[in-house]
Amino acid sequence: MPMLWHRGCCWIFGLTIHTEGIVHAQTPILFVSNHVSYLDIIILGGILPGSFISKDDVAAWPLFGALARLQDTLFIERQRHQVCDQLDQMQARLAAGDNLILFPEGTSSEGTEVLPFKSALFKSVERGSPISVWIQPVSITYQKYAGQPMSPEARNGYAWYADMPAVSHMIHMAGLKQASICVTLHPAVRGEDFVNRKTLALHCQTAVAQAVKENLPK
């Protein structure tokens, strides 16, 4: 039901989603994706069978906070002293068989480049962790607007980053024409196949960034 709800929201906002690749067949999975906009919630929520990991302030957002709660989001505080508790919560959810969706950049960007992935939360799935988890990188690329290659100006109607005010951005976005977004699902890997969480995070970031670069309008 949550996935159908997210797909319906994409239709309401005029978002056409194209997917490349498939969701890994074995669970549990930690999906790791670049982050462009609050719209990523409904885009990925309609494709990926999992719950989001999100900053706790998202719970208070209009509409998107409700959608996040609907998908049983794991809300966390991005504070260094909270990392151990966050890792415990992630491992508990994954051990219970839940799939989780993480935006490891820690913030959103303007959609043409992928920021370095923060590795702290990868500790929950790195070599030596108590559970065996698949990690599947995911790339989101905002490609077209009104049937044409998306210009930087048009992309800013969807990308939400820096100090853009949320409410006015949402109101403006709701009045835009149809946009096309490409979601690339990369091959899944295991944390134990990497030396540590930093090399795992770098592998995922590299795969995601390469697909975004290739899928951007030329």
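A nonpolar core is a set of buried Ala, Val, Leu, Ile, Met, Phe, Trp, Tyr and Cys residues joined through side-chain atoms within 4.5 Å. The model described here is a predicted one.

**Nonpolar cores**
- The largest nonpolar core has 37 residues, and those with the most contacts inside it are Leu15, Leu39, Leu44, Tyr142 and Tyr158.
- At least two residues of this core come from each of helix 1 (2–12), strand 2 (29–33), helix 2 (40–45), strand 6 (134–145), helix 6 (166–174) and strand 8 (179–185).
- Another core, of 26 residues, lies apart from it, and includes Leu30, Leu94, Leu100 and Leu216.

**Helix 7**
- Helix 7 (residues 197–215) has 19 residues, which at 1.5 Å a residue should span 27 Å, and this agrees with its end C-alpha atoms being 27 Å apart.
- Within helix 7, the residues Leu200, Ala201, Cys204, Gln205, Val208, Ala211, Val212 and Asn215 are buried.
- The packing partners of the buried residues of helix 7 are strand 1 (15–20), strand 2, strand 6, strand 8 and strand 9 (189–190).
- The N-terminal end of helix 7 is capped by Asn196, of which a side-chain oxygen lies 3.1 Å from the backbone nitrogen of Lys198.

**Gln143**
- Gln143 is located in strand 6, and its relative accessible area of 17% is under the 20% cut-off, so Gln143 counts as buried.
- Leaving aside residues up to four places away in sequence, Gln143 touches Gln148, Pro149, Met150, Ser180, Cys182, Asn215 and Pro217.

Notes
Residues numbered from 1 in each chain as written. Predicted model: local features only at pLDDT ≥ 70, side-chain atom pairs only at ≥ 80, totals over all residues. Heavy atoms only, no water. Buried < 20%, exposed > 50% of the residue type's maximum accessible area, 1.4 Å probe, protein only. Helix = DSSP H or I, 4+ residues; strand = E, 2+ residues; numbered from the N terminus. Expected span 1.5 Å × (residues − 1). Contact = heavy atoms within 4.5 Å. Polar contact = N/O pair within 3.5 Å; in protein donor to acceptor, adjacent residues only side chain to side chain.
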